[in-house]
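Hi there,

Here is the structure I promised to pass on. Have a look at it first, and my notes follow below.

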Amino acid sequence: MPMAISKEPIKAFTNQQLSIAPLLVFRIVFGLVLAYGMFRFWYFDWIEKLYLEPQFHFSYLGFEWVKPFGDWTYLLFILCGISAIGVAVGFWYRISASLLFLSFTYIELMDKTTYLNHYYFVSMVAFILIFLPAAKGLSADAGWSLKGLEQRISRAYYLPLWALVSLVYFYAGLAKLNSDWLLHAQPLKLWLPGAYDLPLLGPYLEKEWVAFFFSWAGAAFDLSAPFLLWFRKTRPYALFLVVVFHLLTRLLFPIGLFPLIMVLGAFTFLDHRYHQRLLIFIGRIIPKGLFKVRFKLPLMEFKAKQSFQWFFGLFIIFQLVWPWRYLAYPGELFWHEQGFRFSWRVMLMEKAGYASFTIVDARDKQSFRINNADYLSSFQEKQMSFQPDFILEYAHYLAELHRQKFGHDDVEVYADVQVALNGRSSQPFIDKSCNLAAEKRGYSPKKWILPFNDTIYGI
């Protein structure tokens, strides 16, 4: 007879009571970071440049209806910023967390051109926070009482967040186990010399051995960080490495707030006593009487019972499985990018392309070339030129415009695209004889993408 697996150790592990302090710190800093992020978008005029100026927006399959609202788009960013502050101060916490998740995710979906792994990570964390008891202490809802810092909650509340942080690191490390990254130091060999003006470090960044060192060290860090964080004895070393790693990435690459968010997530593993000291300091500097008037709402409490654990267990299983969907597509992932997004493949390739489109009136066979600048921003055109789903969606957009112009449906669109990947010479990317206007968007393999003329070995 097969040996039955006892559920008691698992139950004891998930139900162990831990201090609420790390969760409270995470809530406060995460909310403030996102509020600052919304301010950055406004201050640098990115709302106008990315969402209002372009006449066309690249959409995600199934979310074609998610579009900017014109000038009302500013209100969306205001709502996101206010809800982020609401999360930070714990004001109407579950409503604030829900609005933060919905508004930030809507912003993320408005234009696929702006896709970044860390936007997806923020959406997932915001979703998780809706269900966590992160406002039971030092919050407007709890009256800013420091007494709440002594509360203890089930480890089950921490596990979804810890699992997501660990998964991001580990999958990023797995993705680095490829021949371009390990054997050719690509794309770091191309990127690092661009930071030559950094004090002290700059002069070394043009040396090839430095690119190899960072490539191997980055892979080793990503693969080991999750395991080092989970064990108490190695946790201090892991947190030190986390800070050093993300400080370097922030100095070397323009990746926004992602390093800070990942450091924040990793520090939820830290001993609760340090979080309590920080919270006591915050509590003492808050003016007395702030948020004295409270608006208590009868909001549902989500208990860390079996239903909660099953729900987030399925959530984590989805996060584990979804990145592997690329295996369903033949060919080189870095080339065709089918299954590339939402898989924690962070900064793995340098890809550039040139795309020229020709419109053909099938009735009289007249043709003419398209000036992409007439329809796309420079940033959109750059992203479109090497991503096949962008190329197809843009071809459909051009076809629809010219169907209206010609007054009939017999419009064909052809693309001449050249793409360079990780320092290689450019090569043809799209079958020039394929009428892209007749190709359907979807998840099936795109047979009109030409094969990659090299091999990248790895996962």
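Which residues does F30 touch, not counting residues up to four places away in sequence? F30 touches L100, V122, V125, A126, L129 and L264, where contact means heavy atoms within 4.5 Å.

Before going on, please note that this is a predicted model, in which local features need pLDDT of at least 70, side-chain atom pairs count only at pLDDT 80 or more, and totals for chains, interfaces and linings use all residues. Residues are numbered from 1 along each chain as its sequence is written, and side-chain values use heavy atoms, with hydrogens and water left out.

F30 and F121 touch the most other members of the largest nonpolar core, which has 91 residues. Helix α2 (residues 21-43) supplies the largest share of this core, 12 residues. Another core, of 56 residues, lies apart from it and includes L188, M384, I391 and A395. A nonpolar core is a set of buried Ala, Val, Leu, Ile, Met, Phe, Trp, Tyr and Cys residues joined through side-chain atoms within 4.5 Å; buried means under 20% relative accessible area, exposed over 50%, and partly exposed in between (1.4 Å probe, protein chains only). Helices are DSSP runs of H or I, at least four residues, numbered from the N terminus.

On the cysteines, zero disulfides (pairs of cysteine sulfur atoms within 2.5 Å) turn up in a search of the whole structure. C80 is buried at 0% relative accessibility, and C434 is buried with a relative accessible area of 9%.

Finally, W72 is exposed, with a relative accessible area of 60%, and lies in the loop between α3 (46-52) and α4.

Best wishes

Note on methods. Helix = DSSP H or I, 4+ residues; strand = E, 2+ residues; numbered from the N terminus.
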